[in-house]
Amino acid sequence: MNITLATSISDVLKKSFLEKFEAVDPLVMAISFALSFCVGLFIYFVYKKTYRGVMFSSSFGVTLIALTMITDFVILAVTSNAVLSLGMVGALSIVRFRTAIKEPLDIAFLFWAIAAGIVLASGLIPLAIIGSVVIGVILIFFVNRKGHTNPYIVILTCDNKAAEDKAIALLKEKTHKCVTKSKTARTGVVELNLEIRLKDDNTDFVDELSALEGVQSAVLVSYNGEYMS
């Protein structure tokens, strides 16, 4: 009896698997894959336009396209067969990703690619397309939006305290904000790191700083809290 019961369950599962698998229309799969590729390509385009890191990684951009398509066919498989979905959940539960995400915005692109693949595979094509366009426009607008209040770091090397005071006075006059972040004093040399906020795009004050008596050098670098460039 146990053998008969096991055989019956096996037959039911096999029949369910085959019927459900055959229920997936090849045309639907082709359209879904094509759309996931297009949406992934759009995500890659937005990522390239909004990237503000030190070095652009084209492999990460290609990963976004692949991730959209992979998520798409995984969800198609899961939604087409209940038995396969259980096995897929078990397989994915042992996967661990240990690659460090250096840019916080990269996390948003990863979730975007995954979400787009899920929505496309669910048949919500208008939502996937319109949602991706809206997200892309918002990211391009806000990430590429330039502001005069972006922080900068000024690195000064002075001969003495008098030159230091003159340089700081000039910075306070020419900038919106000037705050000393660090100071190193050695015999005959004073090194300063100052955070400033520009009033406009004019950076000619750096030339004025370097021309001051007692100022050996003046360097202006952009700063986003993680790196200097």
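Trainee: How far apart are Phe-109 and Trp-112 in helix H5?
Mentor: In this predicted model, they are three residues apart in helix H5, which spans residues 104-121, so about one helical turn separates them.

Trainee: And what kind of aromatic pair do Phe-109 and Trp-112 form?
Mentor: A tilted one, with 5.9 Å centre to centre and 35° between the planes.

Trainee: Is Phe-109 buried or exposed?
Mentor: Phe-109 is buried, at 0% relative accessible area. Trp-112 is buried too, at 7%.

Trainee: Which residues form the aromatic cluster?
Mentor: Phe-109 and Trp-112 sit in one cluster with Phe-42, Tyr-47, Tyr-51 and Phe-60. A search of the whole structure turns up six aromatic pairs.

Trainee: Switching topic: which residues have the most contacts inside the largest nonpolar core?
Mentor: Those are Leu-156, Leu-171, Leu-194, Phe-205 and Leu-209, in a core of 19 residues. Strands E1 (151-158), E3 (189-198) and E4 (215-222) each supply at least two of its residues, as do helices H7 (161-174) and H8 (205-211). Another core, of 15 residues, lies apart from it and includes Tyr-47, Trp-112, Leu-120 and Ala-128.

Trainee: Back to Leu-209, what does it touch?
Mentor: Leaving out residues up to four places away in sequence, Leu-209 touches Val-154, Leu-156, Ala-167, Leu-170, Leu-171, Val-215 and Ala-218.

Trainee: Last one: how many disulfides are there in the whole structure?
Mentor: Zero, according to a search of the whole structure.

Trainee: What about Cys-38, where does it stand on accessibility?
Mentor: Cys-38 counts as partly exposed, at 48% relative accessibility, whereas Cys-158 is buried at 0%.

Key. Residues numbered from 1 in each chain as written. Predicted model: local features only at pLDDT ≥ 70, side-chain atom pairs only at ≥ 80, totals over all residues. Heavy atoms only, no water. Disulfide = S-S within 2.5 Å. Buried < 20%, exposed > 50% of the residue type's maximum accessible area, 1.4 Å probe, protein only. Core = buried A, V, L, I, M, F, W, Y, C linked by side-chain atoms within 4.5 Å. Helix = DSSP H or I, 4+ residues; strand = E, 2+ residues; numbered from the N terminus. Contact = heavy atoms within 4.5 Å. Phe/Tyr/Trp six-rings, centres within 6.5 Å; stacked < 30°, edge-to-face > 60°.
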